[in-house]
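Me: I'd like to learn how to read strands in a protein model. Can you walk me through an example?

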Amino acid sequence: MDDELGAVAELARNFFAKEVTPHQRRFAAQGFPDKQVYGTLGKLGLSGMSIPTEFGGGGGTFAHDAVLFHEQVMAGDHSLQLGVHSGIVPHYLNAYGSREQKSRWLPKLTSGEWVGAIAMTEPGAGSDLQNITTKAVRDGGDYVITGAKTFISNGRNCDLVIIAAKTDATLGAKGVSLVVAEVNDDTPGFSRGQIFEKLGQKGQDTTELFFDGLRVPMDNLLGEREGAGFVQLMQQLPQERLICGVAAVAAIERAVALTIEYTKSRTMFGKTLFDLQNTRFELAECAALARVSRTFIDDCIDKHLRGELDVTTAAMAKYWLTDQQCAVIDRCLQLFGGYGYILEYPIAQMYADARIQRIYAGSNEVLKELISRAL
């Protein structure tokens, strides 16, 4: 952290306090956030902070994005799914798009005029992306896309979606390409399915997307050739997993802070709950885990800023930190007693929100397999 990042943190805290927190119950009830909130985020300069200024971004680094993601978790918000909209989608476009593609798409994302999504997961293919069955078949100057995607974050609100599809179904992973589609509810061959009712993160829209002869110009291919999609996904997944780690550490720190505050105010057996040895020992261990987790994620961010974060370390960070997130929140919830089971208390919502962290961006079991290959 430095003064500039501190200013970003303050701006982000004020944004969430004013534009998001008062509406969280409504977002959860409707299953998605109001789309105009992304526009407010863009006007404040908080969207696409690590994208070059010539394409509408802030010209900063991942550190700026990390501050935003941290403050989002500290505000108890998951509805906007900024990790996808600001931390993932724009970076695919910036890394692999042509200058014309970047000039066309990035300013609309960084301004919040458009919401971004990436469609990888299918009903029969999650962490094993080489087995996707969605096809993009050439027809004249277009790709005709057919298939279905599921568990797509921002699927209900998205205007731009990066689709992982097979441009050659005979080549396995080498036949995967990334194709960008500009979509709305009237786009022929494109439809949005149900918004899933999830265990947690209820205000964030997670949907099915269906492609039934969706025509996309061949110029919307990301990269200079077909078949580069799987490599592009593998190159970008470390940052996606780092984003999960940032969120995990913020949640751990928030859980510990909330629990310390609660146990010092709650009385039991004539003294505060914090005065009981078991409480102090539990919180001491959780605080130590929070410190270790913070040190680990900061080191990963430093490595990423230098271009030195390798796939194995990113996998370690995502798997271990999200495991600790779930474990620490569970231990903290126990200290709230019956109140920890009531959604009025943030610790209960944090418990529900945390569970998906061990599943998306590559399940932790798959990540352990990836780590073992490097041993």
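Reply: Strands here are DSSP runs (E, at least two residues), numbered from the N terminus, and two of them pair if DSSP finds at least two bridges between them. Within this pairing, I163 sits opposite V179 in β5. Keep in mind that this is a predicted model, where local features need pLDDT of at least 70, side-chain atom pairs count only at pLDDT 80 or more, and totals for chains, interfaces and linings use all residues. Residues are numbered from 1 along each chain as its sequence is written, and side-chain values use heavy atoms, with hydrogens and water left out.

Me: Which strand pairs with β4 in the parallel sense?

Reply: That's strand β1 (residues 116-119), over four bridges. There, I118 stands opposite I162 in β4.

Me: Which way do the side chains of β4 point?

Reply: In a regular strand, side chains alternate between the two faces of the sheet. In β4, L160, I162, A164 and K166 point one way, while V161, I163 and A165 point the other way.

Me: And how many residues of β4 are buried?

Reply: Buried means under 20% relative accessible area (1.4 Å probe, protein chains only). Strand β4 (residues 160-166) has seven of its seven residues buried, so K166 counts as buried by that cut-off too.

How values were computed. Buried means under 20% relative accessible area, exposed over 50%, partly exposed in between (1.4 Å probe, protein chains only).
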